[in-house]
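Please keep the sequence and the structure in view while working through each step.

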Amino acid sequence: MKPIVAGVAGTVLLVGSIFVGTIVSDKISVESNAGKDETTVQTQLPTTAAAQSLVYAPPSIEEVPDGPMKEAILYGYELVNNTHVAADEYVGNQLSCTSCHAGAGYDEQASSLVGVMANYPQYIGRSGDVVTIEERINGCMVRSMNGKKFEMNSDELEAMVAYFAYISEGVPIGAKREWAGTSDMKNVPIPDVANGEELYGQSCIACHAADGSGTGANTGPALWGDKSFNDGAGMARMSKMAGYIQNNMPVGAAGTLTDQDAADLAAFILSQDRPEWANHDKDWPKGGRPNDIMNKEKREQIKNGTIDWEKVLSTN
């Protein structure tokens with residue numbers, strides 16, 4: 001097993017893909033809002049598990065009990081916090097899970113992963129199948145990390161699951177994690193890309209660099225280019241990017257951007273070149289593909305002024 005590198009990064013960061021579990025009604029039903037990153041379905045568990053009030057109180061990573069699981073949990077923490085270093089042979093860019101899930105998923109305000117085990121397995125529309133937590137992790141590895149999957153019995157994957165199980169202690173399967181939230185913007189306004197570029201120059205370059213290449217995975221991750229996520233990641237959608245920007249940016253003043261400013265910034269960022277996902281044709285096999293996936297074709301349309309924003313945003 002690989003050595004553990006110390007360090008905790010709690011900065012709210014902008015990038016990556018998001019684990020989102022949605023608890024639905026007493027029957028199994030499909031979430032109809034196409035603005036979701038991935039349509040999900042879960043079976044409602046007993047009312048006492050799903051309805052009880054939960055307190056955000058994850059166990060400390062500094063207090064992992066001694067025993068046979070400790071090494072795996074700590075290694076899993078390191079893999080989440082410094083993915084591009086601890087799992088460099090699997091990562092194709094310069095991002096970590098913390099790039100999106102701040103503090104290795106501990107940050108309550110930034111796409112928290114605390115309790116994530118309560119939401120898996122779940123049906124994901126983008127995959128067209130029921131997905132386990134292991135498969136969800138690997139989905140992020142090939143999309144947000146622009147890399148390759150872990151082997152199902154690898155030390156890395158087992159350690160990440162052990163870590164997620166540890167920070168999910170006390171959260172019953174099927175329970176609603178109020179702190180998890182979502183980063184969807186339900187009604188994205190028609191963006192002004194030029195204004196987004198101006199806003200980026202005013203407020204974003206100090207952390208993310210003028211060319212979008214970033215200043216560090218956990219300090220200012222790359223927002224476009226070879227060091228960033230590919231266009232198959234959830235963040236490559238306008239509704240996801242605009243929502244995440246508004247909920248988490250700028251650091252220290254989250255929630256202060258208007259819908260319009262967040263949409264403008266999202267459009268500018270997603271108009272830039274980034275790695276291409278090779279399997280767009282295999283996503284959403286059972287239908288429901290959202291229109292706001294900003295792939296190479298749409299990036300080119302932005303650049304030549306032919307993009308139909310009303311159509312792109314019609315599913316949000």
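**Exercise 1. Salt bridges**

How many salt bridges does the count come to?

*Solution.* The model is a predicted one.

Step 1. The count comes to seven salt bridges. The rule requires a side-chain nitrogen of Lys or Arg within 4 Å of a carboxyl oxygen of Asp or Glu.

Step 2. Arg143 is paired with Asp283, and their closest N and O atoms lie 2.8 Å apart. This pair links distant parts of the chain, since Arg143 belongs to the loop between H4 and H5 and Asp283 to the loop between H9 and H10, 140 residues apart. Arg143 has a relative accessible area of 7% and is therefore buried. Asp283 counts as buried because its relative accessibility is 7%.

Step 3. A salt bridge also joins the side chains of Asp231 and Arg299, at 3.1 Å from N to O. Here, too, distant parts of the chain are linked: Asp231 is in the loop between helix H7 (205-208) and H8, Arg299 is in helix H10, and 68 residues separate them. Both Asp231 and Arg299 are buried.

Step 4. Arg237 forms a salt bridge with Asp292, with 2.7 Å between the closest N and O atoms. Arg237 lies in the loop between H7 and H8, whereas Asp292 lies in the loop between H9 and H10, 55 residues apart. Arg237 and Asp292 are buried.

**Exercise 2. The nonpolar cores**

Which residues have the most contacts inside the largest nonpolar core? Which elements give two or more residues to this core?

*Solution.* 

Step 1. The largest nonpolar core has 68 residues, and those with the most contacts inside it are Ile61, Ile137, Tyr163, Phe164, Met238, Ile245 and Trp309.

Step 2. Two or more residues each come from helix H2 (70-81), helix H4 (133-142), helix H5 (155-166), helix H6 (193-203), helix H8 (238-248), H9 and helix H11 (309-312).

Step 3. Apart from this core lies another, of six residues, among them Tyr56, Val114, Ala175 and Trp179.

Step 4. As general background, nonpolar side chains tend to be buried together in soluble globular proteins.

**Exercise 3. Helix packing**

At what angle do the axes of H8 and H9 cross, and at what angle do H6 and H9 pack? Classify each pair.

*Solution.* 

Step 1. The axes of H8 and H9 come within 8 Å and cross at roughly 125°. H8 and H9 are therefore oblique to each other. The crossing in which H8 passes H9 is right-handed.

Step 2. Residues of H8 in this contact include Met238, Met241 and Ile245, and those of H9 include Ala262, Leu265 and Ala266.

Step 3. H6 and H9 pack at an angle of about 90°, their axes being 7 Å apart. H6 is therefore roughly perpendicular to H9. Among the residues that meet are Val193, Leu199 and Tyr200 in H6 and Leu265, Phe268 and Ile269 in H9.

**Exercise 4. The whole chain**

How many helices and strands does the protein have, and what percentage of the residues is buried?

*Solution.* 

Step 1. The protein has 11 helices and three strands. Along the sequence they follow the pattern β-α-α-α-β-β-α-α-α-α-α-α-α-α.

Step 2. Of the 316 residues in the protein, 56% are buried.

Step 3. Among contacts between residues at least 6 apart in sequence, 72% join residues at least 24 apart.

Methods: Residues are numbered from 1 along each chain as its sequence is written. This is a predicted model: local features need pLDDT of at least 70, side-chain atom pairs count only at pLDDT 80 or more; totals for chains, interfaces and linings use all residues. Side-chain values use heavy atoms; hydrogens and water are left out. A nonpolar core is a set of buried Ala, Val, Leu, Ile, Met, Phe, Trp, Tyr and Cys residues joined through side-chain atoms within 4.5 Å. Buried means under 20% relative accessible area, exposed over 50%, partly exposed in between (1.4 Å probe, protein chains only). Helices (H or I, at least four residues) and strands (E, at least two) are DSSP runs, numbered from the N terminus. Axes are lines fitted to C-alpha atoms, for helices over the stretch in contact, and angles run from 0 to 180 degrees between N-to-C directions. Angles under 35 degrees count as roughly parallel, over 145 as roughly antiparallel, 65 to 115 as roughly perpendicular and the rest as oblique. A crossing is left-handed if the near helix is turned anticlockwise from the far one by less than a right angle, and right-handed if clockwise. Contact means heavy atoms within 4.5 Å.
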